[in-house]
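Look at the chain below from its start to its end before reading on. The paragraphs that follow go through it part by part.

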Amino acid sequence: EEGRPLVRIVIVGHVDHGKSTLIGRLLHETGGIPPEKLESLKAISARRGMPFEWSFLLDSLQAERDQGITIDTSQIRFRTASRDIILIDAPGHAEFLRNMITGAAQADAALLLIDAAEGVRDQTRRHGYLLHLLGVKQVAVVVNKMDRIGFAEAGFRAIENEITSYLGDLGLRVSTVIPISAREGDGVSANTARTPWYTGPTVLAALDGFDAARAAQDLPLRMPVQAVYKFDDRRIVAGRIETGSLSVGDDVVFQPSGKAAQVRSIEVWPAPAPADAPRVLHAGQPAGITLDREIFVERGEVLSTPANRPHAARQIRVRLFWLADEPLEIGSQVIARLATSEVRATVSAIHDVIDPGHLSAFEARSIGRNQVGEIELTLARPIAADPYGVNPRTGRVALEFGGRIAGGGLVISIVERELAAT
Ligand code: GDP
């Protein structure tokens, strides 16, 4: 439907605190699950002598996906009263944290789930910290399994205080804290008589209160180049407009090379009649363009306007979350990925390491698994980069180490030229 705001959310929290159960419930209560599907899953559970689990819904959707059918569980959709919600990246997904830090999962908002009987755990704090680090500003906390503590208000308030103070110390404002039982259905689409002391929003109401992404269109133009295709005598520069918009006739530059040209045409496939050819592209759209002159540009460069271009960075300061078992040390060699560019990089300094479980910074020469630190990366060659505060889309970095994504975070600041050797 046109006009319904689209909100991309993640559901995070300690394993087993009930994320899959809540998702199953949400899908069911928003009408996303055919009744016969639910019945057949309940029948299978009964046949096997197992209690029905809402998380089976997710597993069965996942199984269908593995067979190439219907639903992509990495992008579950449902609707609230006035929003379309896309749930990015199902929990339990092995690549979940990696996808979050690489920005593959760019969420507008998040639900942070806590088991009422287990309380706030280190993993809860880590996930909260990640939301902060990734700039997810809208967070609702869901205290699940209230049935396990007899729907006691005191237990709920203790968790509410602990988590809001932790997230508050990070500067993250919690929109609401909601007591629920995902398994039994309290607080998801309706509050029940078992929480008479709670008058706040349900989970669905909280989701309905989240705002859609800030219009990426209002930011300056950035189009990271994915590929350059040659057709006959034409070169088509392909990418995706991350922010801003682009029109035929615009003067553009590519960073870091600094090469300049004018946009001659916007290419779409199949080619429309000339009168219908698009003249402008907006944030979020894939783009293929031709230029008015032959310049050599390649994957990794970022197209912008001449007046507002990304830096040609030689060194970047990154606030980093580290996931690998092996610590990151001064002198470690990594591959830094920013938008579509990839570059070898060396860790040249480490500052302010913290353990998100405790939030106190300490001096360290390495960053261990699940720790956060600010590092300086010296790049093997200049690449286009923006500070995160200037452009959240192009201001993120993922680090590959030992052949896999091992960390990621935000570009805090940029040095354009290599510092003189001392
Ligand atoms: P996830 O690892 O966070 O996705 O957790 P799951 O959704 O798989 O749930 C873990 C276990 O907690 C399952 O056995 C669920 O049945 C159980 N569970 C989930 N929600 C509730 C709840 O509201 N009350 C109780 N008592 N158990 C729940």
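Helix 1 is largely enclosed by the rest of the structure, because 9 of its 11 residues are buried. Here a residue is called buried if 20 or more other C-beta atoms lie within 10 Å of its own, exposed if 12 or fewer, and partly exposed in between, with C-beta atoms placed from the backbone. Helices (H or I, at least four residues) and strands (E, at least two) are DSSP runs, numbered from the N terminus. This is a predicted model, in which local features need pLDDT of at least 70 and side-chain atom pairs count only at pLDDT 80 or more, while totals for chains, interfaces and linings use all residues. Residues are numbered from 1 along each chain as its sequence is written.

The buried residues of helix 1 include Lys19, Ser20, Thr21 and Leu22. After the helix comes Gly31, which has a positive phi near 80°.

Helix 1 (residues 19-29) also matters for reading the ligand site: with 3 residues, this helix gives the largest share of the shell around the ligand. Which residues come nearest to the ligand? They are Gly18, Lys19, Ser20, Thr21 and Arg183, out of 19 residues around the ligand. A residue counts as near if its C-beta atom, placed from the backbone, lies within 6 Å of the molecule. By type, the shell has 3 nonpolar, 8 polar and 8 charged residues. In this count Ala, Val, Leu, Ile, Met, Phe, Trp, Tyr, Cys and Pro are nonpolar, Asp, Glu, Lys and Arg are charged, and the others, Gly among them, are polar.

Next, the nonpolar core. Such a core is a set of buried Ala, Val, Leu, Ile, Met, Phe, Trp, Tyr and Cys residues joined through C-beta atoms within 7 Å. The largest one holds 104 residues, and Ile9, Ala110, Val142 and Val143 touch the most other members. Strand 21 (residues 372-385) supplies the largest share of this core, 7 residues. Setting aside residues up to four places away in sequence, Ala110 touches Ile9, Val10, Val12, Leu131, Val136 and Val139. Two residues are in contact if their C-beta atoms, placed from the backbone, lie within 7 Å.

Further along, 6 strands close into a barrel in the order 7-8-13-11-10-14, with antiparallel pairing. Strands pair if DSSP finds at least two bridges between them.

Another antiparallel pair is strand 17 (residues 333-338) with strand 18 (residues 341-354), joined by 6 bridges. Their hairpin has 2 residues between the strands, and Ala339 there takes a positive phi near 45°. Strand 17 also pairs antiparallel with strand 22 (residues 396-401) over 3 bridges, and Ile335 stands opposite Glu400 of strand 22.

Glu342 lies in strand 18, where Arg337 stands opposite Glu342. Is Glu342 buried or partly exposed? Glu342 is partly exposed, because 15 other C-beta atoms lie within 10 Å. Apart from neighbours within four places in sequence, Glu342 is in contact with Gly300, Ile335 and Arg337.

Gly300 sits in the loop between strand 13 and strand 14 (302-304). Gly300 is buried, because 22 other C-beta atoms lie within 10 Å. Residues up to four places away aside, the contacts of Gly300 are Val225, Thr340, Ser341, Glu342 and Ile383.
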